[in-house]
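This report describes the nonpolar cores and the salt bridges of one protein model. Please consult the sequence and the structure shown below while reading.

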Amino acid sequence: MNFFEIKDRDDGFIAGTYGRFSVAIEKGEGSSIWDVEGKKYIDFTSGIGVNAFGMNDEIWKAAVVEQINKTQHVCNLYYVQPQVELAEAICKISGAKKVFFGNSGAEANECAIKAARKYSALKYGEGSRYEIITMKGSFHGRTMATLTATGQDGFHKHFGPFLEGFVYAEPTYEDISAKINDKTCAVMMELIQGESGVNVVDEQTVKAVEKLCKEKDVLLIVDEVQTGNGRTGEAYAYLGYGISPDLVTTAKGLGGGLPIGACLFFDKTENTLVKGDHGTTFGGNPVACAAALTVVNRLTDDLLATVKEKGAYLKAEIEKMDGVKEVSGRGMMLGVSLDHEKSARQLAEEALKRGLLILTAHEKLRLLPPLTITRAEMDEGLKILKEVLKK
Ligand SMILES: Cc1ncc(COP(=O)(O)O)c(C=O)c1O
């Protein structure tokens, strides 16, 4: 099918929930992507932080094929090797004690929300501490609990009533500490807010919030759905902040392109959820776990150092460009504030025409390239971005 045939059928049969760009993607190799008409693009998106090792990654593909040749799915009534190998690898790299596998970021967050509430219910009595403080500008998912947790009004319209017990704070120590009370069971935050524009929460704030949470036995949930799995140049961003959260959630890059999410439990929470408390049919699917293991096993110090280097290079080159006010972010999670007559969406559309896939986040451009992007691919993408931004 050519682009127009695909688009017509998409318009006809797929719920119109996505603001798609005018391109139908067929295949890729590393950080290069081709559309159905054979046009090539440099990929600064990695499928919104998913294809951590790019397209057509041999190691990932081999693990997926090997596992598919054994079994495609095993239900959670039985033990399965790829699940335990992955859980152990995640615990080793993160310091977590236990892992629950779901299928997405939203599901990972649902699990953390339930665990936080149960932790307090067991310790302080049912219904006494249930409030979860989330940040204004946050994004935690589209299910009802995670949508409620998401601190952006734009996502809430038409979908109420929402869950009780969510309170929104500015991501500052002053506001978070003012909102903690004797009903609070958890503070939930992204260390870098991705969807709202790659806004980095500073280290001092995060450390002060962690200290306060520990004093008050309020759990700290860190949402690493986007920042996790090497994206910021750390295996998980919190490791770079030197904090010890009680629950961490991740997804996106974890599976390298297959759907998997994980909720990580640390010392206080490792035994909070027990048999029957939580579950999902597809959670811990062996093919997704085998794929994810190839991602986690490659998050070595050497790989992470290259993520930092490449991120610094991209940031420095973009800062020099016309129409750029500021570049925020860490590692290869970057947001570009603009001083341009064109909107971020218009600029992303122009980039697409010239052969570059790039994301937006509100009024910023956003980059989440594959962690393995080469210098030549970065330069090709930067050249296009420079032309697009030229006033
Ligand atoms: C920080 C964060 N949390 C949660 C989610 C939701 O993840 P998913 O779309 O896999 O449900 C996202 C998705 O963009 C995210 O960026």
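At 49% relative accessibility, Glu66 counts as partly exposed; by the convention used here, buried means under 20% relative accessible area, exposed over 50% and partly exposed in between, with a 1.4 Å probe and protein chains only. The model is predicted, so local features need pLDDT of at least 70 and side-chain atom pairs count only at pLDDT 80 or more, whereas totals for chains, interfaces and linings use all residues. Residues are numbered from 1 along each chain as its sequence is written, and side-chain values use heavy atoms, with hydrogens and water left out.

**Salt bridges**

Glu66 forms a salt bridge with Lys70, a residue that is exposed at 60% relative accessible area. A salt bridge is defined as a side-chain nitrogen of Lys or Arg within 4 Å of a carboxyl oxygen of Asp or Glu. The structure holds 25 of these salt bridges. Side chains of opposite charge can pair when their charged atoms come close.

| Pair | N to O distance |
|---|---|
| Glu66 and Lys70 | 3.6 Å |
| Lys211 and Glu215 | 3.4 Å |
| Lys315 and Glu319 | 3.1 Å |

Lys211 and Glu215 are separated by about one helical turn, because they stand 4 residues apart in helix H8 (residues 203-216). Helices are DSSP runs (H or I, at least four residues), numbered from the N terminus. Lys211 is exposed at 55%, and Glu215 is exposed at 56%. Lys315 and Glu319 lie 4 residues apart in helix H11 (residues 301-319), about one turn of the helix. Here Lys315 is partly exposed at 27%, and Glu319 is partly exposed at 41%.

A network of salt bridges links Lys123, Asp217 and Lys268.

**Nonpolar cores**

A nonpolar core is a set of buried Ala, Val, Leu, Ile, Met, Phe, Trp, Tyr and Cys residues joined through side-chain atoms within 4.5 Å. The largest such core has 81 residues, and those with the most contacts inside it include Leu86, Ile90, Val187 and Ile358. This core lies between domain 1 (60-296) and domain 2 (302-323 + 344-360 + 386-391), because both give residues to it; the domain bounds come from an automatic or database domain assignment. Apart from this core lies another, of 20 residues, among them Ala115, Ala145, Met188 and Leu247.

Leaving aside neighbours within four places in sequence, Leu86 is in contact (heavy atoms within 4.5 Å) with Phe101, Ile260, Cys289, Ala292, Leu293 and Val296.

Notes: Helix = DSSP H or I, 4+ residues; strand = E, 2+ residues; numbered from the N terminus.
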